[in-house]
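Me: I have just opened this one and would like a walk through it. Could you start with the overall layout and then go into details?

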Amino acid sequence: TVLVVDFGAQYAQLIARRVREARVYSEIVPSTMPVEEILAKNPAAIILSGGPSSVYEEGAPTVDRSLFEAGVPVFGMCYGFQLMAQTLGGTVDNTGAREYGRTPLTVTKPSSTLFEGTPAEQSVWMSHGDACSAAPEGFDVTASTDVVPVAAFENDEKKLYGVQYHPEVMHTTYGQQVLEHFLYRGAGLTPSWTTGNVIEEQIAAIREQVGTKRAICGLSGGVDSAVAAALVQRAIGERLTCVYVDHGLMRKGETEQVEKDFVAATGVQLKVVDAEERFLTALKGVTDPEEKRKIIGREFIRVFEQAQAEIVAEAPDDEPVEFLVQGTLYPDVVESGGGTGAANIKSHHNVGGLPEDLEFKLIEPLRKLFKDEVRMVGQELGLPEEIVHRQPFPGPGLGIRIVGEVTKERLDLLREADAIAREELTAAGLDRDIWQCPVVLLADVRSVGVQGDGRTYGHPIVLRPVTSEDAMTADWSRLPYDVLARISTRITNEVRDVNRVVLDVTSKPPGTIEWE
Ligand code: XMP
């Protein structure tokens, strides 16, 4: 394992992903972790990440010198580089000469461990105020820029390396090569980690954990719960039961996809609960978005608990249903403090909010993986493409995409419009370009139109295509006009009561992705 020491500001996750792309397993540890504890994990190498601080700031994170004296290869990046320089006796000046963004780098020792085989002039991504003006003793200076005399240093004997820039970002042209040079040449690691290893490792761990007992898993139709379920099914077979609550707020074909394709691909035992009527009754007359979310969440829990009780009652033997499978991902784990054994079930997670007091032990087979790795695992487990590459869909479903009261009739109408939009986006090959495209029915709005010879008085449909990295911020997608035109023509022609299609051109912030 390569440990990435996190000095803040999101860089560590990206570095960990890049290391795994080099097929070396990596994990993130906080910079507050004592060096003895870091070394006790027996890391094959250590990477010190960038961060927002200056080594001169009071209270800035530091690292004990012993980290560099343990014989473990270390690679410092940006803040990690400066920390390394300062700790080992080099000179870091608060020059006031800032470098930010794409910067030309000159390699001064082309045969070095980090740079061999890369061009003498290359473009790197910088983001710093302080600069290293003298490397520690015993280090070769291997690259510089117009502003910083020491932009990279290397000490092969002690296996210590550092660069002032960010090799992990896309804008650093040879960043991945330099990182791989550190891993393979500097630290002597071999690229052997794959998602296949994860599958085997997890299957063994789950078997051990569950023993002869039973587990349940809530399926939402989303990628994470589907892959988690498929993995646990591989491990314990029919001792896993999946629960799929059909709340009637799903999109067209989604329930069938879970019932048929997912079951066919995995052989999982599935209990589908048809709860449409119950949800629609509970939602009758409700128009307030938060109220809708609360009702859907509450009903979901009740239905899930009932299903759970039935599964317990129907069990063929006395083995207790002791485990709940959750599709928690590594970013959730890191963001919640990287702690051990996350206890709380996130309310926003997968099945749309399970109660906190459920008396289950958790099985979280994806808690070491990033989203793209989860998709790879899904692929290796043979899940259908449509599930593995599904775009995010909110737990409360179409219930929060009807502005106004939710009725069966309106849901059917929205399902048709949504299916047309999805079909055309897929046909145009745009599925991977956009993050998701909510289709919203403004049920309380009517406008005048003309169709055939007659006047119409119908509802507008809103298209909300967005691009995003993580749904925290988003921009509206610049979809080609001809694709928008086809969607608009088809929706107004084919969907009863809809006589207008409008495009949402708001970024997030200020608009959220969903309308409610
Ligand atoms: P907003 O509307 O907050 O959405 O910009 C951000 C992302 O979260 C999804 N979303 C949800 N997912 N349960 C979920 O599992 C929910 O209640 C929920 N509400 C919003 C939304 O689709 C977008 O991807």
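Reply: Gladly; bear in mind that this is a predicted model. The domain assignment of the protein chain gives domain 1 (2-186), domain 2 (195-388) and domain 3 (401-503).

Me: How far apart are the C-alpha centres of domain 2 and domain 3, and how many residues are in contact there?

Reply: Their C-alpha centres lie 29 Å apart, and 10 residues of domain 2 are in contact with eight residues of domain 3. On the domain 2 side, the residues touching domain 3 comprise four nonpolar, three polar and three charged ones.

Me: Switching topic, where does UniProt place the "active site"?

Reply: The unreviewed UniProt entry places that feature at Cys78, His166 and Glu168. These positions are spread over 91 residues of sequence, yet they cluster in space, with a largest C-alpha distance of 10.7 Å.

Me: OK, and is His166 buried or exposed?

Reply: His166 is buried, because 22 other C-beta atoms lie within 10 Å, and the cut-off for that is 20 or more. His166 sits in the loop between β11 (160-163) and α4 (175-186), and its contacts beyond four places in sequence include Cys78, Tyr11 and Trp125.

Me: What about Glu168, where is that?

Reply: Glu168 is also in the loop between β11 and α4, and it counts as buried because it has 27 C-beta neighbours inside 10 Å. Leaving aside neighbours within four places in sequence, Glu168 is in contact with Tyr11, Leu14, Ile15, Arg18 and Gly175.

Me: Last one: which residues come nearest to the ligand?

Reply: Of the 12 residues around the ligand, Pro394, Gly395, Thr512, Ile513 and Glu514 come nearest, and the shell divides into five nonpolar, five polar and two charged residues.

Technical notes. Residues numbered from 1 in each chain as written. Predicted model: local features only at pLDDT ≥ 70, side-chain atom pairs only at ≥ 80, totals over all residues. Domains from an automatic or database assignment. Contact = placed C-beta atoms within 7 Å. Nonpolar A, V, L, I, M, F, W, Y, C, P; charged D, E, K, R; others polar. Near = placed C-beta within 6 Å. UniProt positions renumbered as here; feature names shortened; annotations may be inferred. Helix = DSSP H or I, 4+ residues; strand = E, 2+ residues; numbered from the N terminus. Buried ≥ 20, exposed ≤ 12 C-beta atoms within 10 Å, placed from the backbone.
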